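I opened the model today to look up strand pairing and charged contacts. My notes follow in the order I worked.

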Amino acid sequence: MSVSLEEETKMAEYGNTERNVLPSDYGCQILLEKTTLEMAKDKSFPNDARLIWYIVDGVEYMDLTRCSKTSKLFDMYYDRYGKGAVQKIDFGYGTVNPKLWGIKSPEKKKRR
C-alpha cells in the first residue's frame, strides 16, 4: 500500500494542526507566556489570573493566564502539551479588579 505525496502532506498538516489549541476555544486568556516568577508577581494584573507550571521536552515553563474555571485551564494545557505536562496551578499575585483591568481612565478635559 503506497501513499501519494499529496496524501502524505495532508496527514502531516493534520498532525501539526491537531496540537494548535486556541485559548479562546476554552474561554481563557494567556497574559504572560513562558515567563519568570518575578515578572508574574506584578500587582497590576487582575486578581483572577492563575499561574500554571508545565513541562515541555524536559524544560519547565510558567504562564500567567485568566480563565473562568481552573478545569478549563487544565484542559487547555493538557490538550496543547499532552499527558503529564501540567505540574502545578496556583493563584497569581494581581490585585486589580477583573472588571476594571485593561480599561484606561478617560482623559480629563482642560478647564478654562
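I started at β3, where arginine 66 has alanine 49 standing opposite. The model is predicted, so I read every value as computed from it. I then looked up how β2 and β3 run: they pair in the antiparallel sense, over eight bridges. Two residues sit between the strands of this hairpin. Aspartate 57 takes a positive phi there, near 55°.

I checked β1 next. β1 pairs with β3 in the antiparallel sense, over four bridges. Cysteine 28 stands opposite cysteine 67 of β3.

**Salt bridges**

I searched for salt bridges and found two.

I went back to arginine 66, which forms one of them with aspartate 48. The closest N and O atoms are 3.1 Å apart. Arginine 66 is in strand β3 (residues 59-67), and aspartate 48 is in the loop between α2 and β2 (49-56). The two are 18 residues apart, so I noted a link between distant parts of the chain. Arginine 66 has a relative accessible area of 17%, so I logged this residue as buried. Aspartate 48, at 28%, is partly exposed.

I then looked at arginine 80, which forms a salt bridge with glutamate 33. Here the closest N and O atoms are 3.7 Å apart. Arginine 80 lies in helix α3 (residues 70-81) and glutamate 33 in the loop between β1 (28-32) and α2 (37-40), so the pair ties together parts 47 residues apart in sequence. What is the relative accessibility of arginine 80? I got 16%, which counts as buried. Glutamate 33 came out at 45%, partly exposed.

Technical notes: Residues are numbered from 1 along each chain as its sequence is written. This is a predicted model: local features need pLDDT of at least 70, side-chain atom pairs count only at pLDDT 80 or more; totals for chains, interfaces and linings use all residues. Side-chain values use heavy atoms; hydrogens and water are left out. A salt bridge is a side-chain nitrogen of Lys or Arg within 4 Å of a carboxyl oxygen of Asp or Glu. Buried means under 20% relative accessible area, exposed over 50%, partly exposed in between (1.4 Å probe, protein chains only). Two strands pair if DSSP finds at least two bridges between them.
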